[in-house]
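Good morning, and thank you for coming.

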Amino acid sequence: MTTPVEVPCPHCTTLNRVPGARLGEGPVCGRCKQPLFGGHPVELSAGSFDAIAGRGDLPVLVDFWAPWCGPCLAFAPVFADAARTLEPHVRLAKIDTEAEPQLAARFGIRSIPTLALFRRGREVARQAGAMDGRTLRLWLDRALAQAS
């Protein structure tokens, strides 16, 4: 028997308990029956941020971006590809700073793209600027090791 992992549903925000060994088996939400992982970044809003990034056992890597930002748009495919390879062990999410200025202000976002790693709602690492997939993975591995 493995330790259960609490995972907030990205669709309805219900907290689900999933056996750790079964995370990679396509678990669905007990309430809304939608997949807990879709292989793509989850769009967060002021209303969903605390429910997704503030609860659960998975670290949440957030990309703060804006639709007018060239480096943000160039980084988007790298981040999307990372979601496909890092889920279900890390939740990747995006926050549009134009649509959610209160979240950008709350976390003191001064430049974009900015990546912030959260564990149970607490920021544990931050990196400004776009990067390639290999550099992203190296940075995330170091950040996760330091946050443990």
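Let me begin with a term: on a 1 Å grid over the protein atoms alone, a cavity is a set of points where a 1.4 Å probe fits but cannot get out, and its lining residues have an atom within 4 Å of a point. Grid points are joined across faces, edges and corners, and a volume is the space filled by probe spheres set on the points. This is a predicted model, in which local features need pLDDT of at least 70, side-chain atom pairs count only at pLDDT 80 or more, and totals for chains, interfaces and linings use all residues. Residues are numbered from 1 along each chain as its sequence is written, and side-chain values use heavy atoms, without hydrogens and water.

How many cavities of 30 Å³ or more does the structure hold? There is one, and the largest cavity contains about 30 Å³ of space. Its lining consists of Pro8, Ile52, Arg55, Leu58, Val60 and Arg91.

The bridge partner of Val60 in β6 is Phe118. Strands pair if DSSP finds at least two bridges between them; β4, residues 60-65, and β6 do so in the antiparallel sense over five bridges.

On β6 itself, residues 114-119, five of the six residues are buried, so the strand is largely enclosed by the rest of the structure. Buried means under 20% relative accessible area (1.4 Å probe, protein chains only).

Strand β7, residues 122-128, also pairs with β6, antiparallel over six bridges. Here Leu117 stands opposite Ala125. In this hairpin, two residues lie between the strands, and Arg120 takes a positive phi near 50 degrees.

Terms used:
On a 1 Å grid over the protein atoms alone, a cavity is a set of points where a 1.4 Å probe fits but cannot get out, and a pocket is an open set with protein on both sides within 12 Å along at least five of seven lines; lining residues have an atom within 4 Å of a point. Buried means under 20% relative accessible area, exposed over 50%, partly exposed in between (1.4 Å probe, protein chains only). Helices (H or I, at least four residues) and strands (E, at least two) are DSSP runs, numbered from the N terminus.
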